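Here's a short tour for anyone meeting this structure for the first time. Have a look at the picture, then read on.

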Amino acid sequence: MKADLQALGVYRADSSLKGKLRRRLARLVHRRPAVRRPDRPMVTFAFDDTPTSAVQRGGPILERRGVRGAYYFCAGLAGEDGHLGRYATREDMQRAADAGHEIGCHTYSHLDCGQASGAMVADDLERNAALLSDWGVAQRLQTFAYPYGDVGFAAKQQAAERFVLSRALQHGLIEPGVDLNQAPAVGVDGWDGEAIASAWLAKAARRRAWVILFTHGVEDKVTQFGTSADVLGRLVDKALTMGFEVVGAAEGAQRVGPLGLRAAR
Ligand SMILES: [Zn+2]
C-alpha cells in the first residue's frame, strides 16, 4: 500500500461529528495513564513524516545543543517527493539513528487509522517495523504518532500493544492521569508555530509537565508544513534556558509512565 503523496498534503482526519465522537470515545478505552511528574519540565521535539530536511537540517540543530529529537518515519514514503519536499531516505534514517535520535513509527503507508480495521493497522505497523529493521535501524520502534491524528478503537488497541506512547493531535500537556496511548501534542508548523510553542513551554514549566512539540520539515523559512532552522534553534535554546530537559518520546514515557513500562514487541 503506497501513500497517495498528493493527498497527503491536503487530507485531514474525518472532521465530521462522527469522526470527532470516535476520537472522543477512543479516549475511554485501552488507556495507560501517566502516573508521575518529572523532576524537571520535559519537552520532546518530534518530526512527523520525516522529510529529508528534518534529518539533515533539524538533526544538527539539536545535536549542536547536546540534545536529540524523535523522528516518525513511514518507510513507504522513503525517498519519494511530496508536499514536504523529498522524504527521508534509508541513509537519512540511519544517520538519525546513528546520531542518537529516536526513531518512531508513523505506519508504513501513512494510514488513516481512524476507520481502518485492526488487521489493517497491525499489518501496516509490522511492515514499517520490518522494513526499518531491514534497513539497519537497530533500535526498536517504541513510540507512535497516529497519521492525521485520527484514532479508532481497533487502531488504539494495536498501538497500545506495541508502543509505550502513541500520540494524537489534541493540544495538551502530559501529566498524571493523561493517557499515554492517545497522548496530546502541540503542532508547531506554520507562521504562528513559534508563539504557540512558546505558550505551551510556559504552561509546561509552570506545571512541571511534559510537552511534545511536533513539526514536519525544517527549511530556511517557516512554511505551512514545517518550521525554519532559526525557529527550531530558538525553541530549543528557550527550552534549555527555562530549565527543560529535552527527551525522546520513549524516554519521556518511561519517566512518567507506570513502572516497568516497555514496548511489548
Ligand atoms: Zn504524518
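## Strand β9 and its neighbours

Strand β8 (residues 186-187) runs parallel to β9, and two bridges join them; V186 has L213 as its bridge partner in β9. Between β8 and β9 the chain passes through helix α7 (residues 193-207), making a right-handed β-α-β crossover. Right-handed means that, with the strands pointing away from the viewer, the path from the first strand over the helix to the second runs clockwise.

Strand β1 (residues 42-48) is also parallel to β9, joined by six bridges, and V43 has V211 as its bridge partner there. Strands count as paired if DSSP finds at least two bridges between them. Helices (H or I, at least four residues) and strands (E, at least two) are DSSP runs, numbered from the N terminus.

## About the model

This is a predicted model: local features need pLDDT of at least 70, side-chain atom pairs count only at pLDDT 80 or more, and totals for chains, interfaces and linings use all residues. Residues are numbered from 1 along each chain as its sequence is written.

## Both faces covered

In β9 (residues 210-215), six of six residues are buried (20 or more other C-beta atoms within 10 Å of a residue's own; exposed is 12 or fewer, partly exposed in between, with C-beta atoms placed from the backbone). W210, I212 and F214 sit on one side, V211, L213 and T215 on the other.

In α8, the buried residues include V231, L232, L235, V236 and A239. They share one side of the helix because they cover an arc of only 130° around the axis, taken from the directions from the helix axis to the C-beta atoms. On the other side, D237 and T241 are exposed.
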